[in-house]
Amino acid sequence: MIVVVIVNSPGWPAVRRAFFDGHEFTSSLPEISRAFLTNVEIFCIAEGFILVVGLAIAVMRSLPGPVFFPIRALAILYADIFRGIPTILVIYILGFGAPALQLSWLPTSTVVWGIVGLVLIYSAYVSEVYRAGIDSVHPSQDAAARSLGLSRSQSMRHVVLPQAVRRVVPPLLNDFIGLQKDTALIALLGTVEAFRQSQIDVAATFNFTPYLATALLFVAITIPLARFTDWLLNRDRRRRQSAGALG
Amino acid sequence: MRKALIAPVVALTALVLAAAAGAAGARHAAVAAGCDKAGLPLVTKGMLTIGTDNPAYPPWFGGGELKGSKWKIDDPATGQGYESAVAYEVAKRLGFGKAQVMWKVVPFSQSFAPGRKKFDLFVNQVSYSPVRAKNVDFSASYYDVAQAVVALKGKPIAKAAGVAALKAFKLGAPIGTTSYRAITDVIRPKPGPGVYDTLNDGVTALKNGQIDGLVVDLPTAFYITAAQIDNGVIVGQLPAVGGQQERFGLVLGKGSAVTACVDRALAAMRADGTLKKLVGTWLAKSAGAPILK
Amino acid sequence: MSGTDGVVASGRAAAPADALRLEGVHKSFGRLEVLRGIDLAVAEHEVVCLIGSSGSGKSTLLRCVNLLEPIDAGRIHVLGTEITGRGVDVDSVRRRIGIVFQSFNLFPHMTVLRNVTLAPRKVLGLPAAEADARCEELLVRFGLADKRDWFPDRLSGGQQQRVAIVRALAMQPELLLLDEITSALDPELVSEVLDVIRELAAGGMTMVLATHEMGFAREIASRVCFLDGGLVLEQGSPAQIFADPQEERTRQFLKRIVDAGRL
């Protein structure tokens with residue numbers, strides 16, 4: 001129905017020419033694919049850091065007692081600030097601001113600062129996801145671990161976190177799909193990644209088809225990621241429920 | 001070519017004279033050339049809507065920021081700066097008085113978006129290319145331009161004497177510009193280029209040392225070194241991309257009925273020395289950079 | 001009250017024979033005072049059953065002994081060491097005391113064997129092979145050998161509780177605390193768990209049980225303590241407590257149990 005409306009709209013021939021040009025598609029795709037490797041690289045590096053930093057923040061936030069109040073407060077402040085500022089602003093401020101300090105030991109690489117920005121923002125989101133997971137593990141699990149003599153950190157590491165992380169895999173993936181898309185924001189700093197490459201192609205030809213090619217590349221990597229998560233979750237469920245039948 | 005232009009030139013001259021005489025007379029003169037402004041499919045009836053990006057930079061625009069105006073750095077409506085002056089001159093020759101020209105903020109990327117255009121003309125240092133011309137109309141050239149490399153004084157790149165010497169440096173350019181193609185097609189440096197949304201971002205990256213050199217058109221290069229950075233220097237002009245003289249054209253909607261009229265006006269301006277005079281007024285300082293080979 | 005005074009005389013030196021000794025232990029949750037001065041001594045190899053109605057403080061007492069709940073006042077000694085003083089390493093105290101909970105609290109993401117070997121490996125630092133050997137021996141002993149690679153979700157309640165007991169035993173505790181360990185089980189599964197406790201009692205394990213199983217308490221306990229209102233109101237041999245309770249509150253409690261058909 002919607003397709004019929006679109007195809008019969010008066011502007012459709014112009015839109016088709018501008019967005020669905022087969023020649024532009026095939027001629028721009030190789031270069032955009034190469035640029036897309038930069039997105040993948042940024043994504044992989046950032047994700048590694050985010051998993052660790054986000055977890056650290058979440059653990060800091062779940063430390064009990066008045067002794068740890070300053071650490072908890074810092075973690076909360078961090079999560080509030082970096083979830084509050086638009087991603088694009090953080091990337092701009094860091095990417096153009098930090099190198100402007102002219103400190104010789106600070107890197108000037110736009111990719112580095114772009115990654116730092118993404119890590120700061122997504123760690124804040126991911127820490128909240130982890131925290132929800134940690135809170136969802138019943139306190140009796142920690143009590144059982146502590147009663148066996150495990151320290152607070154051992155209980156966290158071996159008992160609470162493994163259960164917490166399993167429960168939050170789907171929302172974590174959700175954030176990572178967001179992250180993967182936001183790698184395009186690093187283009188603002190001048191890095192030629194897939195989106196910027198397609199912008200260059202569009203500007204050179206005044207034809208929008210390269211955007212379509214870029215969109216397809218992003219979708220193409222999202223789908224396997226989503227299926228992989230489904231597979232992980234299913235495997236975990238199967239293992240927990242059927243191992244006995246094998247035994 | 002020259003011959004074919006004679007008729008329109010005559011017509012336009014008549015048009016200008018008629019415009020001075022009165023609106024009714026102008027219509028008469030324009031009808032003869034097929035460019036009666038009442039008959040043109042304009043965005044706003046009776047007005048010539050001209051788009052450009054905001055901020056508007058010297059030397060293309062001038063006059064500074066006006067109080068209460070949305071335009072930054074310079075205001076196109078002042079008539080100052082090369083592109084503003086050209087635009088008003090073209091408008092005048094089409095029969096539009098100063099009050100009948102309406103400036104509109106149009107980001108570069110919107111200038112070529114498919115669909116109905118929100119402007120009659122777009123003037124923003126857009127370079128003509130045959131591929132681009134498949135999707136929009138370009139007017140004849142209103143400025144023949146060269147690309148140049150801007151750097152910070154005292155940096156190694158500032159001593160580069162030829163194109164080959166630039167290959168080792170990280171270069172940047174604003175997106176959608178021939179400057180970018182000058183990097184990838186003419187210089188072909190080893191480090192990948194930095195590509196920026198705005199001229200400002202590119203200048204910031206240059207100041208920050210994130211790039212060694214910024215490639216922009218020559219008049220912009222003079223503006224950057226004169227006004228935007230304290231210790232800037234023009235390394236030199238680059239040879240034309242693909243050996244083709246680069247030229248700026250006004251952008252119009254594909255198949256616009258206005259294009260032919262604008263071309264006639266520009267041809268007349270070139271023929272009677274008006275363009276040269278405007279270049280002299282606004283871009284005189286933008287000459288004399290060393291040519292890199 | 002005379003019975004209580006007889007067992008814990010104030011000022012008595014910490015006798016090495018006492019596996020566990022509580023002196024005037026107080027514990028409140030907000031305004032609710034759950035323990036109001038508990039005095040209790042448990043000798044080595046003794047099996048002490050705590051009985052009393054819900055809310056009498058049995059579970060809280062056990063959790064306090066394991067330092068899962070900090071106490072407000074009083075002292076607790078385990079094998080001659082005060083564990084409630086300042087600067088006590090709670091983790092090292094806990095590794096000497098095993099506790100089994102009403103709700104099993106097995107780790108659902110680990111197999112039976114990993115549940116049991118976790119603490120020996122991480123707390124005692126045993127090599128994996130050694131921990132596995134020690135724990136498999138226990139699993140065999142308690143009839144769980146074929147379940148070693150199962151995840152807890154697939155086990156019956158009785159099996160889960162037996163694994164929980166084995167998990168506590170794997171740390172070779174000097175004192176075992178059992179908190180209503182059969183209360184969450186279907187009736188037909190209770191006996192398999194009680195069999196395990198019987199075997200442990202026969203092996204000389206020092207145990208403190210909070211329980212509703214009066215028949216079992218009568219059978220296995222060396223001593224029965226009746227808790228009421230946050231105090232040890234009466235204690236004595238099973239024969240004495242069940243046949244000839246001295247306190248009116250104890251008689252009322254036991255009458256309710258008998259009327260409910262649970263004794």
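## Chain C: content and dimensions

Chain C of this predicted model contains ten helices and ten strands, where helices (H or I, at least four residues) and strands (E, at least two) are DSSP runs numbered from the N terminus. The model being predicted, local features need pLDDT of at least 70 and side-chain atom pairs count only at pLDDT 80 or more, while totals for chains, interfaces and linings use all residues. Residues are numbered from 1 along each chain as its sequence is written, and chains are lettered from A and ligands numbered from 1 in the order in which they are written.

The radius of gyration of chain C is 18 Å, which agrees with the value near 18 Å for a compact globule of 263 residues; the radius is taken over C-alpha atoms, and the globule rule is 2.2 Å times the number of residues to the power 0.38. Along the principal axes, the C-alpha atoms of chain C fill a box of roughly 50 × 45 × 35 Å. Buried residues make up 47% of the 263 residues in chain C, a residue being buried if 20 or more other C-beta atoms lie within 10 Å of its own, exposed if 12 or fewer, and partly exposed in between, with C-beta atoms placed from the backbone. Of the contacts in chain C with a separation of 6 or more, 66% are accounted for by residues 24 or more positions apart, two residues being in contact if their C-beta atoms, placed from the backbone, lie within 7 Å.

## Interfaces of chain A

Between chains C and A, 23 residues of chain C are in contact with 21 residues of chain A. On the chain C side, helix H3 (90-94) and helix H4 (112-122) are the elements that give two or more residues, and H4(C) gives the most, with three residues. By class, this side of chain C has eleven nonpolar, four polar and eight charged residues, where Ala, Val, Leu, Ile, Met, Phe, Trp, Tyr, Cys and Pro count as nonpolar, Asp, Glu, Lys and Arg as charged, and the others, Gly among them, as polar.

Towards chain B, 20 residues of chain A are in contact with 24 residues of chain B. Helix H2 (12-19), helix H5 (87-100) and helix H10 (194-205) of chain A each supply at least two residues of that side of chain A, and H10(A) gives the most, with six residues. The residues of this side of chain A divide into twelve nonpolar, seven polar and one charged.

## Helix H8 of chain A

Helix H8 (residues 152-167) of chain A has 16 residues and reaches 21 Å from its first C-alpha to its last, close to the 22 Å expected at 1.5 Å a residue, the expected span being 1.5 Å times one less than the number of residues. A kink of about 45° lies at Val160(A), shortly before the proline Pro162(A); the bend at a residue is the angle between axes fitted to the seven residues ending there and the seven starting there. The buried residues of H8(A), among them Met156(A) and Val160(A), pack against helix H3 (22-61), helix H6 (110-136) and helix H7 (139-147) of chain A.

## Backbone exceptions

Most residues other than glycine have a negative phi, and most peptide bonds are trans. The peptide bond from Asn54(B) to Pro55(B), however, is cis, with omega near 5°, and another cis peptide bond, with omega about -5°, joins Pro58(B) and Pro59(B).

Arg188(B), not a glycine, has a positive phi of about 50° and counts as exposed, with 11 C-beta neighbours inside 10 Å.
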